[in-house]
Amino acid sequence: MGESQKKFQMGTIGALSLSVVSSVSIVICNKALISTLGFTFATTLTSWHLLVTFCSLHVALWMKMFEHKPFDASSVMSFGILNGISIGLLNLSLGFNSVGFYQMTKLAIIPCTVLLETLFFRKKFSRSIQFSLSILLMGVGVATVTDLQLNALGSFLSLLAVITTCVAQIMTNTIQKKFKVSSTQLLYQSCPFQAITLFIIGPFLDGFLTNQNVFAFEYTPQVLFFIVLSCLISVSVNFSTFLVIGKTSAVTYQVLGHLKTCLVLAFGYTLLHDPFDWRNILGILIAVLGMVLYSYYCTRESQRKASEASQQLPQTKESEADPLLAMENGTGMLGEDGAVQKGPVWNSNKDLHA
């Protein structure tokens, strides 16, 4: 294994760990803010999260911790607005559906992402990967889904939420690769559009769902403390989200999201004494098995691709050294003076680390 591949794997593990720790922390913080202190304005709070994230990244840019890299403005704007809309639709889905159906909506994101990537990006998922994802989804479903109350409007909003979330997360990965920008550069440029979108629709959406006015809420010192804490943790959450999707894929990020769900259930039981029964325990165990299998199959396929790439490299060098072999493989052509001219060599392993 090369040094660059080791650094890539260490960076991926670091991104996954940061995402889990920060996400579980913000869920616990927001649960205290919403359930205990009665601050139920989730969409508006998310807009504040993104605003604080942008300000933090702007300070980091001023300190030259990363380089600003402008690219296609229309892509950034559409990506940012789509992200904001998907967050609003997920909150609407929760408002118009039962908690059980909302959890089913979140579970539907993985198969929908797999379907979209297969249809539009020709990405192939092996049967082993599909099997592990099925076990994972079954486990999370057993652990979280309780009641399933259906209604037409709620189902339509859930469908829109799933589609927009899948497209936004796929775009996170493809934009970073297409324009060769880092997760920090993409987050810095898209944050203002996400924040503005949610800042505009947030108060109306929250008011519609809660029958309360966010600007008329009584902001006690305790509420302000948890809002500030939530905003600070959100910087790490937003950064790690883009980092994970950029280094892995949208599907892996969703798998990680279900791991967070299981951890939140466990923390809720141990720290907050939330109700917990055998279904939760069985579901978490099945989900963890699915995650272990998914990690194992992904690692095995990654090693196989790396092995195939290393085997192709000596063959390419050999063909370049032998003019006749180069002619047979199509990697060289004879010039007017009889010398072999080097032709284009196509790399079929561009997405080795995707």
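## Ground rules

Residues are numbered from 1 along each chain as its sequence is written, and side-chain values use heavy atoms, with hydrogens and water left out. Since we're looking at a prediction, local features need pLDDT of at least 70 and side-chain atom pairs count only at pLDDT 80 or more, while totals for chains, interfaces and linings use all residues.

## The overall picture

The protein chain has twelve helices and two strands; these are DSSP runs numbered from the N terminus, H or I of at least four residues for helices and E of at least two for strands. The order along the sequence is α-α-α-α-α-α-α-α-α-α-α-α-β-β.

Of the 354 residues, 44% are buried, meaning under 20% relative accessible area with a 1.4 Å probe, protein chains only. Take the contacts (heavy atoms within 4.5 Å) between residues at least 6 apart in sequence: 84% of them join residues at least 24 apart.

## α5 against α6

Helix α5 (residues 109-121) packs on α6 at an angle of about 155°, axes 10 Å apart. That makes the two helices roughly antiparallel, a label for angles over 145 degrees; the axes are lines fitted to C-alpha atoms over the stretch in contact, and angles run from 0 to 180 degrees between N-to-C directions. On the α5 side, Ile-110, Pro-111 and Val-114 meet Leu-133, Leu-136 and Leu-137 of α6.

Ser-132 also sits in α6 (residues 127-144), and it's buried, at 0% relative accessible area. Beyond its neighbours within four places in sequence, Ser-132 is in contact with Gly-290, Leu-293, Tyr-294 and Tyr-297.

Helix α7 (residues 152-178) runs for 27 residues and spans 38 Å from first C-alpha to last, close to the expected 39 Å, which is 1.5 Å times one less than the number of residues. After α7 comes Lys-180, with a positive phi near 55°.

Ile-170 lies in α7 and is buried, with a relative accessible area of 6%. Leaving out residues up to four places away in sequence, Ile-170 touches Thr-113, Leu-116, Glu-117, Phe-121 and Ala-250. Glu-117 is 53 residues from Ile-170 in sequence, yet their C-alpha atoms are 7.9 Å apart.

## The kink in α9

Helix α9 (residues 221-247) has 27 residues and reaches 39 Å end to end, C-alpha to C-alpha, close to the 39 Å expected. Even so, α9 has a kink of about 25° centred on Ser-234, the bend being the angle between axes fitted to the seven residues ending there and the seven starting there.

Definitions and conventions. Buried < 20%, exposed > 50% of the residue type's maximum accessible area, 1.4 Å probe, protein only. Parallel < 35°, antiparallel > 145°, perpendicular 65-115°, else oblique.
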